[in-house]
Amino acid sequence: MATHKSAEKRARQTLVRNAINRTRRSQIHIKVKAVDAAVASGDQAAAVKAARSAESTLARIAGRGTIHWKTAARRTSRLAKRVKKMKAA
């Protein structure tokens, strides 16, 4: 347990930050699942729309430091690849 005033503050801030980051990571999972579901159903319009939303969310969350920017870029690339493959088929 924190005994210094500054350590107590850091502990409070950590709890808040963990909750925020957990929410942001959850948003990523939800958006990626939406893309996967649209691709699986074969709905091109929905897949493109979901991919655009997922890309936006990934970029925003990477910019805020929740995930690394290269992780966001890799995930975005893989999503785009899946949507493009679906369009070609």
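Asp-36 is partly exposed, with a relative accessible area of 32%; the class lies between buried, under 20%, and exposed, over 50%, for a 1.4 Å probe and protein chains only. Its partner is Arg-82, and the closest N and O atoms of this salt bridge are 2.3 Å apart. The term requires a side-chain nitrogen of Lys or Arg within 4 Å of a carboxyl oxygen of Asp or Glu. Arg-82 lies in helix α3 and Asp-36 in helix α1, 46 residues apart, so the pair links distant parts of the chain. Arg-82 also counts as partly exposed, at 34% relative accessibility. A search of the whole structure finds one salt bridge.

A word on the basis of these values. The model is predicted, so local features need pLDDT of at least 70 and side-chain atom pairs count only at pLDDT 80 or more, while totals for chains, interfaces and linings use all residues. Residues are numbered from 1 along each chain as its sequence is written, and side-chain values use heavy atoms, with hydrogens and water left out.

I turn now to the helices, which are DSSP runs of H or I with at least four residues, numbered from the N terminus. Helix α1 covers residues 5-41 and helix α3 residues 69-88; they pack at an angle of about 15 degrees, with axes 10 Å apart. The axes are lines fitted to C-alpha atoms over the stretch in contact, and angles run from 0 to 180 degrees between N-to-C directions. α1 and α3 are therefore roughly parallel, a label for angles under 35 degrees, whereas angles over 145 count as roughly antiparallel. Their crossing is left-handed, meaning that the near helix is turned anticlockwise from the far one by less than a right angle.

Which residues of α1 and α3 meet? On the α1 side they are Ile-28, Val-32, Val-35, Asp-36, Ala-38 and Val-39, and on the α3 side Arg-75, Leu-79, Arg-82, Val-83 and Met-86. Contact here means heavy atoms within 4.5 Å. These residues divide into eight nonpolar, no polar and three charged. Ala, Val, Leu, Ile, Met, Phe, Trp, Tyr, Cys and Pro count as nonpolar, Asp, Glu, Lys and Arg as charged, and the others, Gly among them, as polar.

Next, α1 and helix α2, the latter being residues 44-63: their axes come within 8 Å and cross at roughly 160 degrees. That makes α1 roughly antiparallel to α2. This crossing, too, is left-handed. The residues of the contact of α1 with α2 divide into 12 nonpolar, three polar and two charged.

Leaving aside residues up to four places away in sequence, Val-35 touches Ala-50, Ala-51, Ala-54, Leu-79 and Val-83.

Finally, the axes of α2 and α3 come within 9 Å and cross at roughly 175 degrees. α2 is thus roughly antiparallel to α3. Among the residues making this contact are Ala-62 of α2 and Trp-69 and Ala-72 of α3. The contact divides into 12 nonpolar, two polar and three charged residues.

Ala-62 is buried, with a relative accessible area of 14%. Beyond four places in sequence, Ala-62 touches Ile-67, His-68, Trp-69 and Ala-72. The C-alpha atoms of Ala-62 and Ala-72 are 6.2 Å apart, with the two residues 10 apart in sequence.

How values were computed:
Helices (H or I, at least four residues) and strands (E, at least two) are DSSP runs, numbered from the N terminus. Angles under 35 degrees count as roughly parallel, over 145 as roughly antiparallel, 65 to 115 as roughly perpendicular and the rest as oblique.
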